[in-house]
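Me: I have a chain open on my screen and would like to talk through some of its local details with you. Could we take it piece by piece?

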Amino acid sequence: MVAPNITSDHKQNPDTSNLINTTNSKFDINNTKSFLKKAFLLAKQSGRYLTNTSSFFATISFIGGSFGFGDENISDPIQGGLAGLTKTAALEWSGVLCRAFDFSSNIETTNVNVDLSFKSYKEPSDFDLKSEIQAAVSLMLTRYSTNSVLHNAVEIGIKDRFCLIPEMTNQPLLSLSSVPEKFDSDISSVKSSMLSEHGNYKYSKTKDIVIITGGARGVTAECAIELASRFSPVIILIGRSPLPEPEPAWLNGVVSEADIKKAVLANFAQYKSVDIDTLPLSSPTPMELQKICRTIIANREISQTLERISDAGSVVEYYSVDIRNFEDVNKAIEDVRKKFGKITAIVHGAGTLEDKLIIDKTEAQFSSVFDTKVVGMENLLNVTIHDELKYVVFFSSVAARYGNAGQVDYAMANEVLNKTAQYYSKQQNNKNGNHDKCQFISINWGPWEGGMVSPSLKNAFLKRGIDLIPLKEGAESFVDEICISLSKTDQKTTTDQKNTPPDVEVVIGASLFGDVKSYQNPEKSNSTTEISSDYKKHDIKNDTQNRQSQPILFSREQILEFAIGSPSKAFGERYREFDTEREIARLPGPPYFFMDRVIKADAKQWEMAPGGWIEAQFDMPCDGWYFRAGHTDYLPFSILLEIALQPCGWLAAYSGSALKSKERLFFRNLGGEAQIFEPVKRIKRSSVSITEQKITTDKEQTGLISMDRDFITLTMRAKMTSVSQAGGMIIQNFLMEVLLGNNYIYKGKTNFGFFTAHAFANQAGIQNAALMSYNLPQNDDILSELEDYKVDIEGCYGMPEKALRMVDSIELLLPDGGTYGKGFIKGIKKVNPEEWFFKAHFYQDPVCPGSLGVESFLQIVKFYALNVWQYDPDKYDLVMASHTHKWIYRGQIIPSCKKIEICAHVKDITNNSTKITADGLLYVDGLCIYQMEDFSMELVKR
C-alpha cells in the first residue's frame, strides 16, 4: 500500500503490504517532520500484520539517489529520517523484507501508485526513470538476489540505472600531527605546532562562544571540558535540569548514596530545595527518597562540571532551557549575545530515550525523543541565523547508521541530523546558504561509558561485542574531529591545490567493526569511519534472479501459501477446495516459519504411505529475533525443534493427508525422541568485514555459510516411516534430521496425529506419570518459606525477553526438592489470547506450539541454574548439551485456556555444577498435557 498521508486513528488492512512514500518537496521542516511522524504511525499500526505474513516494508525518499553522499544538492534533508525507520524495522521485524530507497530529487510527483504512474518528470527520459522504479519494485519483491551486497543492503539508492549502496570506509582517527604546522584562517584559529617529544599539542586561545546542548553531565560535559582545556572559549551549556542551588550544611562531607539517604531522612523536615510535587509531612516514601538522592547527586555533578570547565580556562554559564521551546532558546541566546557577543559554534548533543519496539511505542514517546533532536536542532539554527558560525557539530548515533531495535525515534531523528549536516555542507559549496562559511559535522557515536547507557544497557552492548567509548578518549576524539575538519576547510579555501573535502558524516566507536579494535594502545587508537561517497555500483537489470544455484522443487513463497495462503498454490488443484470452502491443517506462519525451500522429494505426492525422504533448507539469519530475545548466540531449542518438525508437517500435506477425511482435521505433534549433537551458534556480525560484506571465518570455505547475508543454511530431512488410521484419526511416524553441511545437528524420530474436533473434546491428558506422585515437603519451616517465595521473571537478568519468555513468574524453588532430591522448580504463565504465537501457529487453528511449551520448561531450569549456581550471564550461557531426550504431548493450549503451570525436577548435576539434567511436566488449567524427560543443558563461556 502506498500511503503518503495517515492520521493517528488510521485503520490498517491486515492483508496489506506497505510502501511509504514521501513527495519531493523543498526544505520545509514542518511538513516533512509531520510526515515522518505519520510514517512512524503507519509502521506501528501495520507492524503486527506485516510480521504475520510474507510481506515487504519500503520507504522512498527523494534526497538525490545516494542518500546525500553524492555530489547532488539535497532539497529536503528531513526525508532522511525514513531510512532510520526502515533500518530499525529490519531489525525488529523478522521475516519482513525492508528496503529504504532513495531517488533523484529532480522528480515532481503527487503520488506514487502501485501501478508506478507519475505525474511528471524532470529526468531526460521517462523510460529511464520508469525502469529504475520498476527495478526498485523488483528488488522489493525478490527476497534472494545473486548479488550479495544488494541482498544484504537495506539502503539502496537508484540513479542513472545503477543501484548505489552507501559503504563504510574504515580509517585511523586523524590527529593534529597530520595538519600543516602553519596555516592561517578566518574560519579557525586552531594551531597545530607540536610540543617536544610528548606528543601533546599547543593551541591558541580563542574568542569563540560555543553553545553546547545536552546538559552539564555525562558525555557532553566531558566534551565541553576537553574543548575548554584545548581552546578556552566561552562555553554556554544548555540542559533541562535546573541550576543547582547551594546545599544545606548537613550535607557537607556526605558522599555515598547510602549516607545521603540517611542524611535526608534525618533532616527531612528542613529540606526545601528538592523538586517533588507533594512532600509528605513526616518522611518520604522509598521512591521519593530515591528521587531526592538522585537530584542531589545530579546537582553535584553539574556544579563539578562548571568548576572543571572554569579551571580549564573557559568562562562558562549554564542555562536551564527546554531545547524544544523556541521562545526559551531564543531568550537564552539573546542573553548570551548581550554578555559575550555573537555565537560562533554549536554542539547539539541533547537527546533522550524512550526505548520500545515500533509496535509498542506511543506517539507521545516518539515525539519526546524525535523533537528533542530535530526541533532542538531547528531552534538552534534559526536563532543563530544572523550569527557567523564557524562550526556546527551534531551528536548523532550508530542507531542512525544501522538502526537499533527499540529506538526507531532515535534512529530517525539522528538520520535527520546526518542529512541536515549534508544539506548545509552542500549549500556551503554553492555559497547560497545562511551558514555558508560554517563547517557542519555529524558524528554517529557508538555507545559511551556514561550518558544514557545504563548498567543493563552496557551489559547488552558488551554481550554483542561492542565496547564502550571511555569518556576521556571520546571527548578527545570529538575535539580532534573538529580540528581536522576545520583544517581541511582552511586548506581548501586558502590554496589552489585539490584537497580532500571535510568529512560530514563520520562514525566513531570503540569496536563497532570486527576488524577494528580501539583503545588498546596507550597512544590514541580510536577509529573513525567515513561513509564513503565512492559507491559500489550494481547494474539493476541483473539482480533479480534467485540466489540458489541448485533446483528448487518448492519455493519459500509456495510453502508460505500452504502456511497462510491458498493451499492449491502450494500443492496443486487437488487442494483447491481448501482455498475457500474447507479448512486444512497448516504449517506455522512468520515469525515461527522456518522453511525456505524444498530441494528434494523422493516421496510420492498424494500417496499417504511410508517411504521416501524430502529435503528442505532454512537460511537461519544470524540476527534472528530469537537470538536477541533469548540474549544468546546459540539457537534456542524451541526454534531448533520447530526447524526439525516443520518438514514433517509439510510432508504430511504433500502426501495428501487432508483428503483422507471429509471432516475438518487438526494436526498435532504427539511426541518424540531425539539426539542433539551440538548447539547451533550464530556467526556474530562482529566477524563480518564491512568492506567485503563477507563472513571471514574459517567456515567460509566449507559452503555452510550463505554469502548473501549473515545466514547459516540448515538442511532438514524428513521421512514418513509408518501410517495408521482408526476412529477418524490418522497417526504418522517420521524420522527427522537437521544438518549443518554434512554434520548432524539434531536427529531423531517423532509422531504426529490428525484429529477431529470431537477427538479433541475428549482429551484425558497424561495419566500416571511418575513425577505426578511428588508431594511438597511438609516441614513447617519449609512450608513457611514456600509461601513467601515468588519471583516475577520480567526484568530478571539473564532470562529471555518478552518475545521468547514463556514463564511469567517462579512460584517455588527448592534446591534439594523434587522427585530426585536434587532440585525442584515451578513456574507459572497466564494465557494471553493475544500472544503472537496464537496468530502464527496455526492459521485458522490458533494453538500454542508444543516447542514453546518445552521452552517454558527449559527456561525454569535456566532460572534454577542462575539462582543456585550464581553464574554470571554476561560471561556464561546455558545451552543444550549433547544428549538424547524425549517429549510427550497429550493436550493443547488454546486462547481460551487460563493458566499454565510448569514443574521441573532436577535429575542430575555433573561436571562440577556446569551440566544439569531435568525431567518435567506441564499443566494447563489443572490438566497435565506435556511430559519432558532427560533434557540436559550445560554452561559454556561466551
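Me: Is asparagine 768 buried or exposed?

Reply: Asparagine 768 is exposed, with a relative accessible area of 73%, where exposed means over 50% relative accessible area, buried under 20% and partly exposed in between, with a 1.4 Å probe and protein chains only. This is a predicted model, in which local features need pLDDT of at least 70 and side-chain atom pairs count only at pLDDT 80 or more, while totals for chains, interfaces and linings use all residues. Residues are numbered from 1 along each chain as its sequence is written, and side-chain values use heavy atoms, with hydrogens and water left out.

Me: Where does asparagine 768 lie, and what is its phi?

Reply: Asparagine 768 lies in the loop between α19 (757-761) and α20 (780-788), helices here being DSSP runs of H or I with at least four residues and strands runs of E with at least two, numbered from the N terminus. Its phi is positive, about 60°, although asparagine 768 is not a glycine.

Me: And phenylalanine 67, buried or exposed?

Reply: Phenylalanine 67 is buried, at a relative accessible area of 2%. Its place is in the loop between β2 (56-61) and α2 (81-92), and its phi, near 55°, is a positive value in a residue other than glycine.

Me: What does the side chain of glutamine 79 reach?

Reply: The side chain of glutamine 79 reaches the backbone nitrogen of phenylalanine 62 at 2.7 Å. That is a polar contact, meaning a pair of N or O atoms within 3.5 Å, of which, within protein, one must be able to donate a hydrogen and the other to accept it, with residues adjacent in sequence counting only if both atoms are side-chain atoms. Glutamine 79 lies in the loop between β2 and α2 and counts as buried at 1% relative accessibility.

Me: Switching to helices, which residues of α8 are buried?

Reply: In α8, Val329, Ala332, Ile333 and Val336 are buried. They cover an arc of only 95° around the axis, which puts them on the same side of α8; the arc is that of the directions from the helix axis to the C-beta atoms.

Me: What covers those buried residues, and what sits on the face turned away?

Reply: The cover includes β8 (209-213), β9 (234-239), β10 (316-320) and α9 (363-383). The face of α8 turned away from its buried side carries the exposed residues Glu327, Lys331 and Lys338.

Me: What happens at the start of α8, and just after it?

Reply: At the start of α8, a side-chain oxygen of asparagine 325 comes to within 3.1 Å of the backbone nitrogen of glutamate 327. Just after α8, glycine 341 has a positive phi of about 115°.

Me: How many residues of α5 are buried?

Reply: In α5, 12 of its 14 residues are buried, so the helix is mostly covered; among them are Glu222, Glu226 and Arg230. Just after α5, serine 232 takes a positive phi of about 55°.

Me: One last topic: which peptide bonds are cis?

Reply: The bond from proline 590 to proline 591 is cis, with omega near 10°, and proline 591 is found in the loop between α16 (577-580) and β17 (597-601). A cis peptide bond also joins histidine 841 and phenylalanine 842, with omega about -5°, and phenylalanine 842 lies in the loop between α21 (836-840) and α22 (850-869).

Terms used:
Contact = heavy atoms within 4.5 Å.
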